[in-house]
Amino acid sequence: MAEIAEQAGVSVSTVSKVLHNRSDVSAETRAKVQRLLEQHGYLAKHRPAATAAPPGGLIDFVINELDSPWAVELIRGAEDVLHDANMGLVVSATHGRTRRARQWLDSLATRSTRGAILVVPELTPDQHEELGRLGIPYALVAPIDEPAPGTPWVGATNWPGGLAATRHLVELGHRRIAIISGPERRLTSRARVDGYRSALEEAGLPFDPALVRYGDFTHNLAHRHALELLALPERPTAVFAGSDHQALGTYRAAAELGLRIPADVSVVGFDDLPFADWVTPRLTTVRTPLADMTALAARMVLRLLSGEQPETTRVEVATELVVRESSAPPTGHG
């Protein structure tokens, strides 16, 4: 498509408009592009009108990474809803690379995509504009920051989740509680840290920046952060991890330092992925209904495809603390 656009002297989005029979292309440009499309073996396709309700067609599901149970839960929620609507799901991973995101956008015109569910940290203005030009309705899931007004998005109650996790540890008797969160720029990370800070202030405990680490929600970096925290001269007696993967990194660090969970250090995670109930000790964590989040996003997109606006463009699903075996009173607490 980029080659056709270059030969015609137009943008890739203009080629897409011709492919899908959009009206906002001049007759001269349309004829030039159609000749090139025929030469390259493309057949013009007609995108179903946005005001015509499905059934049928494809919805794109774009996510940063695929290699985790977190991604599987998110895909499952969207697939359940779209299967019932007789629609297919096309999954793409960007791996955090701008080029891969650009490739995904360019490929939209080559298939009959009718909408998109975007589980990416952020949508750039150019990407937002391109989706608008292509007539692709979309919804965001867990964005890096609160999107512009009117943009459909689904998140979780991260601040209450961070508050509940830290309150639980305080109520058990912990006074030095560390936190390993995700990227500092992300809304979800900041909200969980803010909930943590609020619970400490509520209990009259100081907020100590030396006990706060920002990571990337993954196991490896959390492992390094946990090694640092648990090796402090006055080490924390509990760690609140911003994801279950980060909790596993903390488990590994504790084992390497000869510390027992929860006898020597309590650990609380976030997400309640399936493995939280399989590890030893079973992980206390904040349940985030990931499948529900993408199911809601899918319903938003289907509503937009039917020519209607979502009842609300901002939805936050409730989190819930699930207490298992990885949290207990600190040793010597009476």
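In this predicted model, the charged end of Arg197 sits over the ring of Phe207, 3.8 Å from the ring centre.

A pair of aromatic rings is described by the distance of the centres and the angle of the planes. Tyr196 and Phe207 form an edge-to-face pair, because their planes stand at 70°, with the ring centres 6.0 Å apart. Tyr196 belongs to helix H8 (residues 187-202), while Phe207 lies in the loop between H8 and strand S7 (212-214), eleven residues apart. Tyr196 is buried, at a relative accessible area of 1%, whereas Phe207 counts as partly exposed, at 24%.

The pair of Phe240 and Phe270 is tilted, with 35° between the planes and 6.3 Å from centre to centre. Phe240 is in strand S8 (residues 238-241) and Phe270 in strand S9 (residues 266-271), so the pair ties together parts that are 30 residues apart in sequence. Phe240 and Phe270 are both buried. Beyond residues up to four places away in sequence, Phe240 touches residues including Arg192, Tyr196 and Phe270.

The largest nonpolar core comprises 65 residues, and Tyr196 and Phe240 are among those that touch the most other members, together with Ile117, Val141 and Met293. Helix H11 (residues 290-305) supplies the largest share of this core, nine residues. The core lies between domain 2 (58-156 + 289-318) and domain 3 (158-288), because both give residues to it. A second, separate core has 13 residues, among them Val62, Val120, Leu131 and Tyr138.

Definitions and conventions. Residues are numbered from 1 along each chain as its sequence is written. This is a predicted model: local features need pLDDT of at least 70, side-chain atom pairs count only at pLDDT 80 or more; totals for chains, interfaces and linings use all residues. Side-chain values use heavy atoms; hydrogens and water are left out. A nonpolar core is a set of buried Ala, Val, Leu, Ile, Met, Phe, Trp, Tyr and Cys residues joined through side-chain atoms within 4.5 Å. Buried means under 20% relative accessible area, exposed over 50%, partly exposed in between (1.4 Å probe, protein chains only). Helices (H or I, at least four residues) and strands (E, at least two) are DSSP runs, numbered from the N terminus. Domain bounds come from an automatic or database domain assignment. Contact means heavy atoms within 4.5 Å. Rings of Phe, Tyr and Trp (its six-membered ring) pair if their centres lie within 6.5 Å; planes under 30 degrees apart count as stacked, over 60 as edge-to-face and the rest as tilted. A charge sits over a ring if NZ of Lys or CZ of Arg is within 6 Å of the ring centre and within 35 degrees of the ring normal.
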